[in-house]
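Take a moment to look over the model below. Then follow the text from the whole chain down to single side chains.

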Amino acid sequence: MALTQDDLLAISQLLDVKLKAEIQPIKNEIQSLKSDVQSVKTELLAEMQALKAELLAEMQALKAELLAEMQALRAELQAEMQALWAELQAVKASLEAEIHKIKLFQENVIMLRLNTIESCYLSTYERYKDSTEGYEALQADNEIMKAIIMEHSERLQKLA
């Protein structure tokens, strides 16, 4: 038995109706799943926005706290630097006073003593300089006397 075109068309329509009837609950379930997914997505977005706002608020609080700590640290460091600067200025003033004392001591004591020592050495030098010329003449005379004494000694020994 051979099926005609109309028979095949009727069978196709019956299958389409039956298939549509079978597919419709699946489509409904898919649609339900889509709406569930959309509601979950909406909930997640709302939660993400809430978390984002919460994190932003926490970050701003942390930022404010860090800024306050930094300002307190800056003030503390400035106070320490001012104390160190004052101490440094006191040390500088003390050193300048000591240097001034040392310069005065050099000028009033050491230079006077050096001048006294210098004048003493210069006068001693002048005396010795004059006496060295006499010393050289004395040495020459001594050499002549030695030669004469040796000659006289030899003559005396020959006579004896």
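Helices (H or I, at least four residues) and strands (E, at least two) are DSSP runs, numbered from the N terminus. The chain has 1 helix and 0 strands. That helix, H1, covers residues 5-159, and tyrosine 121 lies in it.

This is a predicted model: local features need pLDDT of at least 70, side-chain atom pairs count only at pLDDT 80 or more, and totals for chains, interfaces and linings use all residues. Residues are numbered from 1 along each chain as its sequence is written, and side-chain values use heavy atoms, with hydrogens and water left out.

Start with the overall form. The C-alpha trace spans about 195 × 55 × 25 Å along its principal axes. The radius of gyration is taken over C-alpha atoms, and the globule rule is 2.2 Å times the number of residues to the power 0.38. A compact globule of 160 residues would come out near 15 Å, but this chain has 63 Å.

Is H1 straight or bent? At glutamine 106, H1 bends by about 35°. The bend at a residue is the angle between axes fitted to the seven residues ending there and the seven starting there.

Now the surface. Buried means under 20% relative accessible area, exposed over 50%, and partly exposed in between (1.4 Å probe, protein chains only). Of the 160 residues, 1% count as buried. Accessible areas come from the Shrake-Rupley method with a 1.4 Å probe; for residues, only the protein chains shown count as cover. The chain's accessible surface comes to about 15,200 Å², and 64% of this belongs to carbon and sulfur atoms.

One nonpolar surface patch is made by Phe105, Ile110, Met111, Leu114, Ile117 and Tyr121. Its area is about 610 Å². Patches are made of residues with over 30% relative accessible area and no salt bridge: like charges are joined within 9 Å, nonpolar side chains (Val, Leu, Ile, Met, Phe, Trp, Tyr) within 5 Å. Tyrosine 121 is exposed, at 60%.

Finally, the charges. Side chains of opposite charge can pair when their charged atoms come close. A salt bridge is a side-chain nitrogen of Lys or Arg within 4 Å of a carboxyl oxygen of Asp or Glu. How many salt bridges does this rule give? The count is 2. Glutamate 98 meets lysine 101 at 3.9 Å, N to O. They sit 3 residues apart in H1, so about one helical turn separates them. Glutamate 98 is partly exposed at 39%, while lysine 101 is exposed at 53%. Glutamate 151 meets arginine 155 at 2.7 Å, N to O. Both lie in H1, 4 residues apart, about one turn of the helix. Glutamate 151 is partly exposed, at 40%.
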